[in-house]
Amino acid sequence: MADESRSTRLQKQLQAYREEYKRAAARLLKVGFLFKGSITQRRLPCGNQKCRCRDPKRRHGPYYQISWKQNGKTVSRILPAKIVPLYREWIANAREITAILRQMQAISRKAADSVQVAAITRGKTKSSRKAD
């Protein structure tokens, strides 16, 4: 009887984890394009020796540079200022995806822990019955 009660409790707990997991998975579908990288703002000197940009406080810019890892190497590109907000949104989306996946992993760990505890508890109950 107690085994049935534990089993029912476990099934209800697992069902709650499945529902929480499905809600997290549904959030994945709502995230738009993603880009894993970083944007830096730079001010650069030009090649003209007589230009004002020789003074570090008067450099040209701002210029925006996006960098990311590709095949183990850092790749960088200069971005036009008008598309920087779009890339920032995509970078934020990539971070959101990572956060959602971590949440899904945590839910899965809780479910696995519940199953493991139930299995250990069942094993102890059967062992104590054999001793009787």
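Predicted model: local features only at pLDDT ≥ 70, side-chain atom pairs only at ≥ 80, totals over all residues.
Y64 has L79 as its bridge partner in β3. Strands β2 and β3 pair in the antiparallel sense, over 7 bridges.

Step back to the whole sheet. It is open and has 3 strands, in the order β1-β2-β3, with antiparallel pairing. β1 and β3 (73-79) are the edge strands, each pairing on one side only. From one strand to the next, the twist averages 35°. Strands of a sheet pair through backbone hydrogen bonds, either parallel or antiparallel.

Now turn to the aromatic rings. The model holds 4 aromatic pairs, counting rings whose centres lie within 6.5 Å. One of them joins F35 and W68. Their ring centres are 5.3 Å apart and their planes stand at 80°, so this pair is edge-to-face; the cut-off for that class is over 60 degrees. F35 sits in the loop between α1 (2-30) and β1 (38-44), while W68 belongs to strand β2 (residues 60-70), so the pair ties together parts 33 residues apart in sequence. Buried means under 20% relative accessible area. F35, at 19%, counts as buried. W68 is buried too, at 17%.

A second pair brings in Y87 and W90. This one is tilted, with 5.4 Å centre to centre and 50° between the planes. Both residues lie in helix α2 (residues 84-131), 3 residues apart, about one turn of the helix. Y87 and W90 are both buried.

How values were computed:
Residues numbered from 1 in each chain as written. Heavy atoms only, no water. Phe/Tyr/Trp six-rings, centres within 6.5 Å; stacked < 30°, edge-to-face > 60°. Helix = DSSP H or I, 4+ residues; strand = E, 2+ residues; numbered from the N terminus. Buried < 20%, exposed > 50% of the residue type's maximum accessible area, 1.4 Å probe, protein only. Pairing = 2+ DSSP bridges. Axes fitted to C-alpha atoms, helices over the stretch in contact; angles between N-to-C directions.
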